[in-house]
Structure formats: C-alpha cells, structure tokens
Amino acid sequence: MAKAYETPAFLSFIFVFLISACQQKPKENATNLAKIPATEITVSVNFQPDAGKAKDQVVYLAYLDQLNDRQTFEITPDNKQGQAFKIWGKTPVFVMDWTPNQTYYVFYPAEKISITPGLEALAVSSSVEDDTRKNELGFFEALGQQEITEKSAKLKNTLSKISKHGDSSGPSATRMLVLMDLIKNKKLKDPVVSYQFIKSRYQQRLDFLESYTKTKPVTSDYKKLMDNFFKYEFSADLLKIINNARAKKILVNDSLKNAVASMLTTLNCDSCLNIPTYRYALKNYLTYAFSTEKYPTLKAKVDFINQEFKGETRDFCLFLALKTVNPALSPENQKMLQQFVSQNGNEAYKSQIKKNLAFYISPGKSGNAKETVIQDINGKQRTFEKLVAANKGKVIVLDFWASWCVPCKAEIPYSKRLHEDLKNENVMMVYLSLDESPAAWLKSVKALGIEENSFRVEQAFKSTLAKGLGISGIPHYVIIDKEGQMVNTDAPRPSDPVLKKDILALVKQP
C-alpha cells in the first residue's frame, strides 16, 4: 500500500499540483474538465525497467486533503498494489511531485492520469489528448526550468552546505528541501529585503504565465487558477515574513503593514479553497491575527473568525482554529468544540472535531490512546503514557516522522538545532517514528543522529495514539506541557520560529 505523509510547510519555488483522474470518454475536451462534477480520481504509475536502475526508482506524490492534512504517496517498482490509487476530487486538486524533476501538475476530476517515471523526470499523460491539455500539464515544468536556471549559481553555492544539515545520502528531494530552506531563511533575516524578493517573484511569475499562454494556449479556467495560485502564494509568503519578524521581535515598516492590510480584502474566496496557497494564506493570517493579545481566549478567536470571514472560508478557518484544541484543558474549550459540531454544516470537519472530543474527553472510546506501545532503539517497550509520566515537569515536543518521509528528514536538522538551543531549558525532544519496518527506522535513526529519545510507535498510523490525534500525514508535531497535557496537537514545524516561541512560553509557566 502507498504510504502517506505530510510535507513541509510552504515552499517558494517547488510545489506540485494534484493528480485527479476518473472515468471519462477518451477524447474529452480540456475546456469541459473544470465543469465536470465531483468524482473519484484514479492515478496509475507505470514503471519501466532501465538497466538495473529500476529498483531505485521511487515516486513521491502529495496533496492537501479536505482536512488540510498533507497526504503523500511513496510508490516503488516492487509494490505493485501501490502503483494505482484513488483520490476523491471535487475540484482541481494540487499534488506535490517530490521526484527529481520537482515540478507541479494540475489534474481535474473525471480525468485519467498515467505517470511513467524516468531517471530524471516523470512523463505525465492525460486521457484528454488535445494540445491545450498538454500545454497545461507542461506549464509548471517550464516555469520550474526557467527559475532553476536563473538561480543556478546560487543553488551551486548553497549546495555545498547540504552535508552540514542532515543525511546527504538521502533522496534528492530531501537535499533540495534543505537547500531551499537555507536560501529562504537567509532572505527572511531582513523583512524588507524578503518583501521585495517575493513581490518581484510574484510579478515575474505573472509575466511568465502571460508569455507562456501566448504561445501555448490553455483554458481560461486553468489560467485563472494559476493567477490565483500565484496571488495567494504572495499573500502567504508576505504573512509568513511578518509572523517570523514578530517571533524574532524585528520591527516591520509601514510599507509591509500596508501591504498586509490591502491583501486581507482578498481572503474571502470560497472557490479558491482547493488552491493550497490560499489555504496557507488563511492559516498564516490566523497566526498573524492571534499572535497579539487582542484575542486571548478561544471564544475571542472564534468570534473574530465569524466576523471576519463568511461561507466555506469561514468554516475552514473555524476548523483550523479548533482542530488542535484540547477540550480537556478548560470547560470553554469543550463548549466551543461541541458548539461547532452542533452548528457547522461541513460533515468532514464535524467528524474530525468529534474524534478530538472522544480522544480527550472519553479516552476509553478512542481505545485509550495513552496505552499505545512504543519501542526504543534497544528494543525496550513501554507505553506512551509512561513516557510522558516519567518526564512530568518538562515541556515535551513530539516529532512524528518516518524513514521514508522526505519532508520529515528535511525538518530533522532544525529539530536538532532547536534541541541544542534549548539544552539548558527543561525541554525534551521525542522522535516518534511511524515506520512499519524496524530495520528501516533504525537505519535512519543512526544516519540522522537522533538516537536519543527515539521510539517506534507500534501499529504506526493504525495505533490509537496516531488515530486519536488525527495524524494522517507527517511530519506532525505535538507539544505537551509540564503537567503532561497536550496543549498543541498540531504545532508548528521546527523550521518555524514560532515553535521555539511557544515552547519557551510554556517553560516560563509555573
């Protein structure tokens, strides 16, 4: 079966659009694809053996599901069952391609997609065979090639730093992720320089969209989708710059504040919820709004969202604000979650919040997740509950990962750096692997240098702990306070300065 994991937060120039496919007439016109109602998508990956290298071919594909969890599939030549899988698609869906070519694809419901891995790139074809559809499938690859060429000198200079940040022998996607983070973090040291960079890049991408579509026509729906993708990419990055500056206590000038104010009027687009960059922009905006003391309680946050947003966007933002709330921490938390379940019309959101309530309020109904068995690198077993109890008085950060998870490995250097920064504080980093293979887990633990406080979760994603926390994609982070309470079940990544800020706030609490 294909494995699922979550990828890192938002990437500047490498992303990947979803794969959706389903039953349709072979000669369907590309113009009609966006008008086809929601249906099941079938994706096929066809490996072609090549001079002994076929065994090394691995395809990594990822997309954001309805609950905003990143689902990623690792498809290998020896796993015949996992080479065809289905995704339910209501609208064009976005999938990341983590294979060496590092590009995007946009696929529609009711479209059959066939992928043939090559040694350096994927060959992607659609059951819609007209030139317009081929142009759409080739758009992000053309954009990526141009941008990588323009940045080649910078990439070469920075690539030498990779070996200092983790397992350099891993998949090329891991190396590229670390590389991009190094470049991105360098730019983010100066908010104004960062802002000028993303503003210039946004305009360059719009210009490329215009020039590309003049010579290679695409449908009007596709062009509009790309226009919105780039617009909200800029919005998400702008908000991230502001949030990082706040976390580091760096003052921002009026031009950035004005840019944020003018951008906020665009964040009420229900038809854009299938665009990952729109979701990132909303998530970053909530972080921006709630990082002040203006909304100290959960009720204040919910009231703000109800006032600021409407329709499906409001429901999505409410879900983002509530999905990580521990109802056992206060009667108000429990009340707000129960109110959401009784009043919200989105069944998928309600179902997940119900699971949260069952997990925290009625542990017996969720199979007593705290009794999940974990195993250390020496083979010694204990329960998750005993691990937490033995370290009461410490702030514990749980890092859910796996040896096959590319984004997980990209975050490990940041996690180790965070551990080093907080070594004099009462903080404990715990690595919880969701690997099914003990051998693969142990090999990665040693390669990454995370032997201390590393455990493998028995039954992996099927464990009551993973199911109770709603972990369907990794990396995933959880913070436990000094009293042993889970205070954030969907914490920021170690590469995000906000995580360190949140940890220190809990350390200072009596």
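Visitor: Okay, how many disulfides does the count come to?
Guide: Two disulfides. Keep in mind that we're looking at a predicted model.

Visitor: Which cysteine does Cys269 form a disulfide with?
Guide: With Cys272; the sulfur atoms of the two are 2.1 Å apart. The link of Cys269 and Cys272 is right-handed, with 60° about the S-S bond.

Visitor: And are Cys269 and Cys272 buried or exposed?
Guide: Cys269 is buried, and Cys272 is as well.

Visitor: What about Cys405, which residue does a disulfide join it to?
Guide: To Cys408, at 2.2 Å from S to S. That link of Cys405 and Cys408 is right-handed too, with 80° about the S-S bond, and both Cys405 and Cys408 are buried.

Visitor: What's the pairing if you number the bonded cysteines in sequence order?
Guide: It reads 1-2, 3-4.

Visitor: Does Cys317 count as buried or exposed, and why?
Guide: Cys317 counts as buried because its relative accessibility is 0%, and the cut-off for buried is under 20%.

Visitor: Switching to strands. How many residues of E12 are buried?
Guide: Seven of seven, so to speak: strand E12, residues 427–433, is mostly covered, by the under 20% cut-off for buried.

Visitor: Which residues point which way from E12?
Guide: Val427, Met429, Tyr431 and Ser433 point one way, while Met428, Val430 and Leu432 point the other, and all of them are buried.

Visitor: How many bridges join E11 to E12, and do they run parallel or antiparallel?
Guide: Seven bridges, and the strands run parallel; E11 covers residues 395–401. To get from E11 to E12 the chain goes through helix H13, residues 406–421, in a right-handed β-α-β crossover.

Visitor: Which residue in E12 is the bridge partner of Val397?
Guide: Met429.

Visitor: What about E12 and E13, how many bridges there?
Guide: Three, again in the parallel sense, with E13 spanning residues 454–457. Leu432 stands opposite Phe455 in E13. The chain crosses from E12 to E13 through helix H14 (residues 438–448), and this β-α-β crossover is right-handed.

Visitor: New topic, aromatics. How many aromatic pairs does the structure hold?
Guide: There are 24. One of them is Phe94 with Phe229, a stacked pair at 6.0 Å centre to centre and 20° between the planes. The pair links distant parts of the chain: Phe94 is in strand E5 (residues 93–97) and Phe229 in helix H5 (residues 220–247), 135 residues apart. Both Phe94 and Phe229 are buried.

Visitor: Which residues do ring pairs link into a cluster with Phe94?
Guide: Tyr104, Phe139, Phe140, Phe208, Tyr212, Tyr222, Phe229 and Phe230 are linked with Phe94 there.

Visitor: Where does the charged end of Lys301 sit?
Guide: Over the ring of Phe290, 5.4 Å from the ring centre.

Terms used: Residues are numbered from 1 along each chain as its sequence is written. This is a predicted model: local features need pLDDT of at least 70, side-chain atom pairs count only at pLDDT 80 or more; totals for chains, interfaces and linings use all residues. Side-chain values use heavy atoms; hydrogens and water are left out. Buried means under 20% relative accessible area, exposed over 50%, partly exposed in between (1.4 Å probe, protein chains only). Helices (H or I, at least four residues) and strands (E, at least two) are DSSP runs, numbered from the N terminus. Two strands pair if DSSP finds at least two bridges between them. A crossover is right-handed if, with the strands pointing away from the viewer, the path from the first strand over the helix to the second runs clockwise. A disulfide is a pair of cysteine sulfur atoms within 2.5 Å. Rings of Phe, Tyr and Trp (its six-membered ring) pair if their centres lie within 6.5 Å; planes under 30 degrees apart count as stacked, over 60 as edge-to-face and the rest as tilted. A charge sits over a ring if NZ of Lys or CZ of Arg is within 6 Å of the ring centre and within 35 degrees of the ring normal.
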